[in-house]
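Dear colleague,

My findings follow it, beginning with the aromatic rings and ending with the contact between the chains.

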Amino acid sequence: MTSTSVMGGIVRRKEDPSLIQGKGAYVDDVKRTGELAAVFVRSPFAAATITSIDIEAAKAAPGVHAVYTADDVRHLGPNPAQVAVGTLRPLLADGAVKHVGEAVAMVVAENRYLAQDAADLVFVDYEPGEVVVDLKDAFADKVKVHGDASNILLTWHGHGWWEGVIDLPDPSPGIQEAKERDDTVTVSLEMVNQRLLPTAIEPRAVLADWNSGYGSVELWSSSQIPHAVAGAVGVTFGIPSNKVRVVAPEVGGGFGVKLNVYPDEILVCFASKELGRPVRWTETRREAGFASTQGRGWVGTATITGTADGKILGYELEAICDMGAYSHNFTVAVPLLGLFIAGGQYNFPTSYALHCVVTNTQTTDAYRGAGRPEAAYYLERIVDHFAREIGMDPADVRKANYWKPEDFPVQTAIGLTMDSGDYEKNLDALLDRVGYEDLKAKRDAARAEGRLLGLGLSTYVEVCGFGPSALAGLGFSWGAYGLPTAFNGSGVVRVQPDGTCTVTIGTGPSGQGHETTWAQIVSDGLGIAMDNIEVHHGDSVDLPMGIGTFGSRSIAVDGTATFEATARVRKKAAIIAGHLLEAAPEDIQFADGRAHVAGSPDRAVEWGQIAESAYQPHTLPEGVEGGLESSVVFSPPNATWPFGSHMALVEVDPETGDVDLLEYWATDDCGNVINPMIVDGQLHGGIAQGIAQALYEEAIYDDMGNLLTSSMANYTLPVSTSLPLFSLDRTVTPTDVNPLGVKGVGEAGTIGSAQTIVNAVVDAVAHLGVRHIDMPLRPKRVWQAIQDAKE
Amino acid sequence: MYPPNFDYVAPTSLDEALAALAGAENTKVLSGGMSLIPLMKMRFVRPTTVVDISRIPGLDDVTDDGDHITIGAMVRHATTASHPLVQEHASALAEAANGTADLLVRNRGTTCGSLALNAVAADQPGAALALNATMHAASVRGTREIAAADFFLDAMTSALAPDEILTKITIPKGGVSTYRKLGRRGGSSDYPIAAAAVWVDVSDGSVSDARIALNGVSSTPYLAVGSAEALVGSDGSADAIASAASHATDGVNVLEDLYATVAFRTHLAGVYVRRALEDVLA
Ligand SMILES: Cc1cc2nc3c(=O)[nH]c(=O)nc-3n(C[C@H](O)[C@H](O)[C@H](O)COP(=O)(O)OP(=O)(O)OC[C@H]3O[C@@H](n4cnc5c(N)ncnc54)[C@H](O)[C@@H]3O)c2cc1C
């Protein structure tokens, strides 16, 4: 039994035996007696007035228990979980619809089939109105989405984004001066960072069971934030938090789409309360394009001014960011997160204007990376473009502008503090490993034969594991749920009477392997074997508060709370063990499931004996209380700032525009690593999602606001055979923001990868005259760009 | 994704199945279910009765019948892709099957089901045209043979009557064939953006016969007659191939969709005809 030094080791995932045997319980696996099923009637129009809804035929259909419309739920108010900017989304469309797929009525029946049959019998009279989908049209207020209100909800400016707190001078005049200098070059690109469908493999699912005896409700939801859902349910129905239990059991992928509280979560609770039966709703795959949030959707112009030796004197980004029709949890905060890293790893003046604009489409919200992939895309595309225009190597231009290790902590252009970084070392590690010079020679030789090989580089910095908590007061409306507005992490470590250990955390996995990583932290601290540690998550009654899983925050924040709780348990256990062994607590060490006196491994007690004593307080030394557990709430003093360098080699078919991704390398730095296999897995998935944006995916709306890609048959998610084996490596620059020295890694791969691919493809065809191609780089687009360049 | 109520029958003989289909207004044959079930779940297709033919013995064979091979109604894409007889005598169809969907779908979806459906851009119909396959249909009214060239009428429409089962297809031996496509996800994965199936017979250094079919290019697969004419009688040189390729979309209404403009697809049609011909004439 070797249970120490598991930190930093490749430990097999504790959860996998259950998951691969099909024993993992997702919401659809949770069954309640007497369940009813809900189905929603959704709008076929993107903008319309509802003149009447006829529910009589549906109500009379077989097996139907209820049909609800806005009239039934208006008293509950709008969906409480939305940033209070712009028009709030009602629980069910109330007199008007603002996007295709907006829920207009809810049918509850004995089963899904009967519910769907009845839903087909709900007759809604719509008076279609004018629709705006195009972002520039929306920005120009050509058609207004919500009455007379401007479509522009707000604009984030880099220097003044936090009113009253951060008030930096406007960098624009300085950049303007640089532009006017004789020795500078200014380059600019307009680029689209297209809208995406997050597509978790498990669509959303909810099951509510209202107990009229206790006046309490239990809700199972495939959610990244069960505590926030509990808060929203409590606020909506006016019941205290100790009467709401929200459980997020196994969650089959989240990516931000489950980082919202949705009207359907509230509505199943309502129906369960009304009908006295448990009520379930499970999203269908196609419905996810209408009922769940989407990601990205920016059109913007990036501009760089610099000198011919690669020194950049100013970076400007102006973008219109698509919010969709309503706000959800973060919506307008997503561009803000982009703003946080819009200057990336570079020391140059920057100026931003990010306009948050509504359109007649489904709401956008966080999607893996949330604003940061967009920001990194604009920055790293334009830096690459600048390098090409001045004829310098793109790696050299980047190095010429990096913050240096001695600059840290760095005050960013928008007034945040970057904890740590060594960007040049990281980039050099990548360049050395791939044999950069040889690769370039290989590319050039192939090109001489008429083959279109391209090499693409991107480096990036991300910000995650958000803190300080004061930041949470801005842009987020969580206070409205009756939750503390903060970025805390929670961890409870309890040694059971038999010496095994239970850990409860305020964040849960949607595939990230929390159970293993957390067990490693605790095992390392207590010397208890991995197999003897169970990690609990996702149940709102387990902990007073849990912020949930998003923003690559779990390990840096809740991991730290658990680390601290572990230390406290160890301290108390040392007192008890010392008492049992007649030794000083300072001399007690923990390893291999037991405590021993330093220097005499045979003078030892098993954890079981320590725990037995702890739960028999009369055996404890004077002044020591019974029990052996600790609960810690950790408030991070700052975010962490991981970074990395990615490179891709592609070949473009000159005749068809088909892009073949030949090689992908990444050297990332997320500080200390607890489980390299899990960290690499996060990078693999993240990189795949970035490549997906670069080459394959796009949520396409027509002018009438119809989502043309709601089916997986035409959304063209990549499949495993679409991707090469990724070659990963890392540098380690620990943070001092938390005692583990860890930074987040959940989003890093996505933030670094899309522009790596686009830079590579543009590199492959640049000599033909192409300078930019908008994503996804489908054959059609690449071929067209080559044709256009020929003309 | 919840279909309306329907009746389901799973007969164990062809006669029973044909009887179940006879005179039925809105009855559907179910073979692999890889298209019918999603269409039903989306309520785009609402049959009152579904006749599952997968339990009828004898429909899942590939056989050598002298001058032709036979592929039964329940032969799955995975079998078509890997069967030595198909690979030897109808490689265009084997390649089309191999590039269809993913292994899970190939393990269930059938070659005949795909032909019967004639979905826009489906892989198999082009190969069936190039190979001059014969479709064998049965109903209580009797059996009939339909030439591939007369079978694919329009998008999602074949020459089968509602009460007919496509019991098998036969493909004449001889010649060489191949199938080349650009898939929606790039490479040869997924439904084609454009695809060419070509079959040629070469004797004494000249092309004595050829059939060139395109799918994914128009709303239904078609034989590019002009392309074949340009090739037959030639020596199969690069010039002859280029000339054949230049006629790939003659007189055809080329589709525009999310994956291609008319100009791009027209261009691709020529590229894939050329690449496929280069393959078989190399
Ligand atoms: C994820 C996925 C990806 C796919 N990708 C591709 C692809 O890349 N390329 C491609 O070509 N196809 C693709 N397909 C479609 C797949 O190939 C077809 O679903 C399949 O071949 C149809 O055959 P089936 O046996 O499943 O037919 P079914 O779904 O059972 O039936 C299809 C239709 O044909 C009728 N029918 C079936 N068999 C007969 C018969 N013997 N006689 C008369 N009528 C019959 C049915 O009534 C129905 O209308 C994909 C499907 C899926 C689910």
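Over all chains, the count of aromatic pairs in this predicted model comes to 21. One of them joins A:Trp298 and A:Tyr378, whose ring centres are 6.1 Å apart. Because the planes of these two rings meet at 25°, and planes under 30 degrees apart count as stacked, the pair is a stacked one. A:Trp298 belongs to strand E13 (residues 295-307) of chain A, whereas A:Tyr378 belongs to helix H11 (residues 372-390) of chain A, so the pair ties together parts that are 80 residues apart in sequence. Both A:Trp298 and A:Tyr378 are buried.

A further pair, A:Phe408 with A:Tyr423, is edge-to-face, with 5.8 Å from centre to centre and 75° between the planes. This pair also links distant parts of the chain, 15 residues apart. A:Phe408 is found in the loop between helix H12 (394-401) and strand E16 (410-411) of chain A, and A:Tyr423 in helix H13 (residues 423-434) of chain A. Are these two residues buried or exposed? A:Phe408 has a relative accessibility of 15% and therefore counts as buried, the limit being under 20%. A:Tyr423 is buried as well, with a relative accessible area of 2%.

A:Phe408 and A:Tyr423 are also members of a cluster linked by ring pairs.

I turn now to the contact between the chains. Chain B contributes 28 residues to it and chain A contributes 28 residues. How much area is buried between chain B and chain A? The area is about 2,400 Å², and carbon and sulfur atoms give 57% of it. Of the area that chain B buries against chain A, 34% is supplied by B:Tyr2, B:Arg185 and B:Leu258, more than by any other three residues.

A:Glu655 and B:Arg274 form a salt bridge in which the closest N and O atoms are 2.4 Å apart.

On the side of chain B that touches chain A, helix H11 (residues 262-281) of chain B provides the largest share, with 8 residues. By residue type, that side of chain B comprises 16 nonpolar, 4 polar and 8 charged residues.

With kind regards

Notes: Residues numbered from 1 in each chain as written. Chains lettered and ligands numbered in written order. Predicted model: local features only at pLDDT ≥ 70, side-chain atom pairs only at ≥ 80, totals over all residues. Heavy atoms only, no water. Contact = heavy atoms within 4.5 Å. Buried area = accessible area lost by both parts, 1.4 Å probe. Salt bridge = Lys/Arg side-chain N within 4 Å of Asp/Glu carboxyl O. Helix = DSSP H or I, 4+ residues; strand = E, 2+ residues; numbered from the N terminus. Nonpolar A, V, L, I, M, F, W, Y, C, P; charged D, E, K, R; others polar. Phe/Tyr/Trp six-rings, centres within 6.5 Å; stacked < 30°, edge-to-face > 60°. Buried < 20%, exposed > 50% of the residue type's maximum accessible area, 1.4 Å probe, protein only.
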